[in-house]
Amino acid sequence: TQSSTTAWHNHSLVKNNLYIYQTSSKMLYRRAGAQSPALRDRSVVVPPAPRHAVIPHCKATETGSSKSAPAPPKPPKPEPVGASVPVTVGQAPDGKKVVSVTPPPQYTATPYTAGRVSSASLDEEEDVLPLRNLRKHLKPMDSPFVVDNNRGGGFVGDRDRVRLHTVEYESQESAGAFCADGIATFGDEDVCLVLPEWAIRCGPRKTIYADPTQVSAAVVTCGGLCPGLNDVIQNIVYTLRDYGVPEDNILGIKYGLRGFYERDEKPITLTSEMVDGVHLKGGTMLGTSRGGANIKEIVRRIDLWGLNMVFVIGGNGGNAAAHAIAEECEASGVVCSVVGVPKSIDNDILLVDRCFGFETAVEEAQRALLAAKVEASSAHHGIGLVKLMGRQSGFIAMQASMASGVVDVCLIPEIQFDLQKLNEYVAKVIERKGHCVVCLAEGAGQNVVKGASKG
């Protein structure tokens with residue numbers, strides 16, 4: 001994730017120079033869809049942490065000796081905040097299904113911490129998004145960057161977590177309240193799969209579980225093109241080299257997952273020299289492809305080539321393929337870390353705030369919208385219609401519309417609309433200003449299409 005601090009401050013309130021941290025009990029009742037008056041005011045108020053910790057320097061005396069600086073005050077002993085309560089499995093007030101999960105543990109809060117620190121032991125169950133690993137098959141060792149504390153940047157703890165639920169709603173009638181803490185599956189029956197309270201924070205660890213000198217890695221790109229693909233390939237190679245992976249042990253798989261087993265294109269060796277400056281070029285230096293792949297054959301080649309790290313750069317389909325490869329590796333007894341790198345200009349990968357390439361897509365989309373504005377305003381009762389990518393999410397359409405400032409109607413997949421009301425609104429806009437600009441995400445209006453096919 002980009003910033004755990006940002007995730008924390010999104011759900012904290014600042015009032016009268018005090019931070020008000022919501023208790024875990026209150027959050028649990030919100031997630032279960034229940035309203036508990038007894039918990040409405042259960043907040044723990046703690047003073048804010050100072051923004052800058054000033055430690056005076058040692059001051060030299062006249063004789064040349066130095067006087068030690070006074071020790072900073074010790075932080076007060078943290079006290080538990082909140083308590084876990086049972087979660088009731090049931091339905092939301094509007095009748096839609098809600099699947100609940102286990103409650104989180106207790107936490108501590110102090111003026112000297114940027115967020116909350118779990119007071120539970122390592123052995124207790126926690127409401128954390130599962131992250132499978134191969135540590136039981138590998139030997140732990142110190143990171144090569146321990147000697148300088150990761151070049152002064154420090155390390156991420158294994159129990160560092162990022163809160164997934166950052167908004168608290170007044171009631172189920174509030175806009176966006178349904179399934180605010182989970183994944184909504186919009187089918188014949190709306191179902192909300194509630195996500196855990198926490199996700200494990202990513203970042204460099206002090207202890208690593210793969211000997212860099214024994215690592216043999218492969219990088220592959222899948223699906224459609226996206227700005228920044230070559231940047232990702234380049235930095236995977238640079239990072240592996242920084243950790244000490246031999247330069248001849250990094251393979252680039254050509255033209256997608258099929259490059260593992262098709263004979264037309266052989267894998268290439270990715271060296272630092274080869275990827276130098278590749279970020280200045282568009283597309284992907286490895287090539288890409290769409291469609292299914294033979295997962296069993298891919299795993300067979302992983303085993304045959306002795307690969308123990310595979311980086312799959314892809315969107316929804318690419319990450320689904322990465323998961324399938326990991327499952328097949330486990331079933332076949334092949335010890336290989338399969339890493340899915342989220343790539344989607346639609347910005348529709350769950351739990352990823354912003355996929356690479358998304359901002360570029362928004363910038364380029366504005367050019368088309370501005371051109372549509374010129375065309376529509378130059379015609380009598382003109383309508384400028386621009387369709388953008390976004391099969392299941394309207395992030396590009398929404399943000400490009402807001403940024404351009406020329407769009408009158410923005411249609412996205414997340415919000416259904418009535419065709420007659422849309423036509424009436426467009427007519428009013430044309431009557432008022434003489435033209436109308438409509439931005440449409442490609443997946444919008446599925447309810448209209450289904451209604452037309454049934455009628």
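This is a predicted model: local features need pLDDT of at least 70, side-chain atom pairs count only at pLDDT 80 or more; totals for chains, interfaces and linings use all residues.
**Exercise 1. The ends of H5**

Task: Which residue caps the N-terminal end of H5, and which glycine just after H5 takes a positive phi?

Solution. 

Step 1. The N-terminal end of H5 is capped by asparagine 294. One of its side-chain oxygens lies 3.3 Å from the backbone nitrogen of lysine 296.

Step 2. Past the other end, just after H5, comes glycine 306, with a positive phi of about 70°.

**Exercise 2. Two helix pairs**

Task: Describe how H5 packs on H6 and how H7 packs on H8.

Solution. 

Step 1. Two packed helices are described by the angle between their axes and the distance between the axes.

Step 2. For H5 and H6, the axes come within 9 Å and the crossing angle is roughly 60°. H5 and H6 are therefore oblique to each other. The crossing of H5 over H6 is right-handed.

Step 3. On the H5 side of this contact are Ile295, Lys296, Ile298, Val299 and Ile302. They meet Ala321, Ala324, Ile325, Glu328, Cys329 and Ser332 of H6.

Step 4. H7 covers residues 358–377 and H8 covers residues 395–404. Their axes are 8 Å apart, at an angle of about 60°.

Step 5. H7 contributes Phe358, Ala361, Val362, Ala365, Gln366, Leu369 and Leu370 to the contact. Among the residues of H8 that take part are Phe395, Ile396, Gln399 and Ser401.

**Exercise 3. A serine in H8 and a serine in H4**

Task: Serine 401 is in helix H8 and serine 272 is in helix H4 (residues 272–275). Is serine 401 buried or exposed, and which residues does serine 272 touch?

Solution. 

Step 1. Serine 401 has 10% relative accessibility and therefore counts as buried.

Step 2. Apart from residues up to four places away in sequence, serine 401 touches Leu369, Val406, Val407, Cys410 and Cys439. Leu369 is one of the H7 residues in the contact between H7 and H8.

Step 3. Serine 272 has 22% relative accessibility, so this residue counts as partly exposed.

Step 4. With neighbours within four places in sequence left aside, the contacts of serine 272 are Val237, Tyr238, Arg241 and Glu247. Arginine 241 is 31 residues from serine 272 along the chain, and their C-alpha atoms are separated by 8.0 Å.

**Exercise 4. Positive phi in loops**

Task: Where do asparagine 150 and tyrosine 255 lie, and what is the phi of asparagine 150 and of tyrosine 255?

Solution. 

Step 1. Most residues other than glycine have a negative phi.

Step 2. Asparagine 150 is in the loop between strand S11 (141–142) and strand S12 (161–163). Its phi is positive, near 55°. Its relative accessibility is 18%, so asparagine 150 counts as buried.

Step 3. Tyrosine 255 is in the loop between strand S18 (250–252) and strand S19 (268–269). Tyrosine 255 is not a glycine, yet has a positive phi of about 55°. With 40% relative accessibility, tyrosine 255 counts as partly exposed.

**Exercise 5. The whole chain**

Task: How many helices and strands does the chain have, and what share of its residues count as buried?

Solution. 

Step 1. There are ten helices and 24 strands in the chain.

Step 2. The chain has 455 residues, of which 38% count as buried.

Step 3. Of the contacts with a separation of 6 or more, 73% are between residues 24 or more positions apart.

Terms used:
Residues are numbered from 1 along each chain as its sequence is written. Side-chain values use heavy atoms; hydrogens and water are left out. A polar contact is a pair of N or O atoms within 3.5 Å; within protein, one must be able to donate a hydrogen and the other to accept it, and residues adjacent in sequence count only if both atoms are side-chain atoms. Helices (H or I, at least four residues) and strands (E, at least two) are DSSP runs, numbered from the N terminus. Axes are lines fitted to C-alpha atoms, for helices over the stretch in contact, and angles run from 0 to 180 degrees between N-to-C directions. Contact means heavy atoms within 4.5 Å. Angles under 35 degrees count as roughly parallel, over 145 as roughly antiparallel, 65 to 115 as roughly perpendicular and the rest as oblique. A crossing is left-handed if the near helix is turned anticlockwise from the far one by less than a right angle, and right-handed if clockwise. Buried means under 20% relative accessible area, exposed over 50%, partly exposed in between (1.4 Å probe, protein chains only).
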